[in-house]
Amino acid sequence: MKSKNIKIVLNAIAILLFTTIIVFVAAKYSKQIIALTSSPSKFRDWVLSYGKWGVLVFILFQVLQVVVSVIPGEAIQVSGGYIYGTFAGTFYSLTGIMIGSVIVFYLSRLLGYNLIKKVVSEKSLEKFYFVINSPKIESVIFLLFLIPGIPKDILVYIAGLSPIKPINFFIITAIARFPGIFFSSYFGSNLEKKNYEVAIAVAVVAIVLFIIGLVYHEKIIKKISSLVHKKR
């Protein structure tokens, strides 16, 4: 009985500590981070000022934006291409995103629903709750992470509550997120090279896809949810 009480207390302390850190970072530094990453040239200068540690700093930024989901990841992905080129930028962004996903997924699985309630809004939790008990969870996860405009970092927290095997989750999300990350890095690379015609064309396609995802993601989520319930 005592060991159970100790576990509950430690769990509560861990949740409080983690949420305090997230709230602190979001409240104190999110505006500065957003301002810095919104300018690829300024972000490049800042990252490269760390010399040989610049790559590590960039990857850690990607880790941070997954953990603190209010930080927009797309701007950092574009900056990755701007700084390192399409392929290296894609690789570094995907590396940071997957490290962040591992951290969030296991924290969610370890600390459970009480943690999710602290970091995910009630509206988002209700919207994506069907993911947790979906009999086709691998397919559902792949589709949700592939569609633009869906809050993927929040989904990582929620997926931690599901029975999906961790290795399956990481492989599926890496594959699903790759096209979007590559697209952003390609845009950033062409922006840096001043290939403005290509950059504008890529930006237009990305904006159109994002708007479609943003406008219709509620309907898409409801459709996926209804299909899941039908298969039960």
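Close-up 1. F170 counts as buried, at 13% relative accessibility; buried means under 20% relative accessible area, exposed over 50%, and partly exposed in between, with a 1.4 Å probe and protein chains only. This is a predicted model, in which local features need pLDDT of at least 70 and side-chain atom pairs count only at pLDDT 80 or more, while totals for chains, interfaces and linings use all residues. Residues are numbered from 1 along each chain as its sequence is written, and side-chain values use heavy atoms, without hydrogens and water. Y106 is partly exposed, with a relative accessible area of 41%.

A search of the whole structure finds 17 aromatic pairs. Rings of Phe, Tyr and Trp (its six-membered ring) pair if their centres lie within 6.5 Å; planes under 30 degrees apart count as stacked, over 60 as edge-to-face and the rest as tilted. The ring centres of Y106 and F170 are 6.0 Å apart and the planes stand at 50°, so this pair is tilted. Y106 lies in helix α5 (residues 86-111) and F170 in helix α10 (residues 166-192), 64 residues apart. Helices (H or I, at least four residues) are DSSP runs, numbered from the N terminus.

**Close-up 2. The pair F145 and F169.** These rings are edge-to-face, with 5.9 Å centre to centre and 80° between the planes. F145 belongs to helix α8 (residues 137-146) and F169 to helix α10. F145 is buried at 1% relative accessibility, and F169 is buried at 0%.

**Close-up 3. Helix α3.** Ten of the 14 residues of α3 are buried, including F58 and F61. Ring pairs link F58 and F61 into a cluster with F43, W46, Y50, Y84, F91 and Y92.

Note on methods
Helix = DSSP H or I, 4+ residues; strand = E, 2+ residues; numbered from the N terminus.
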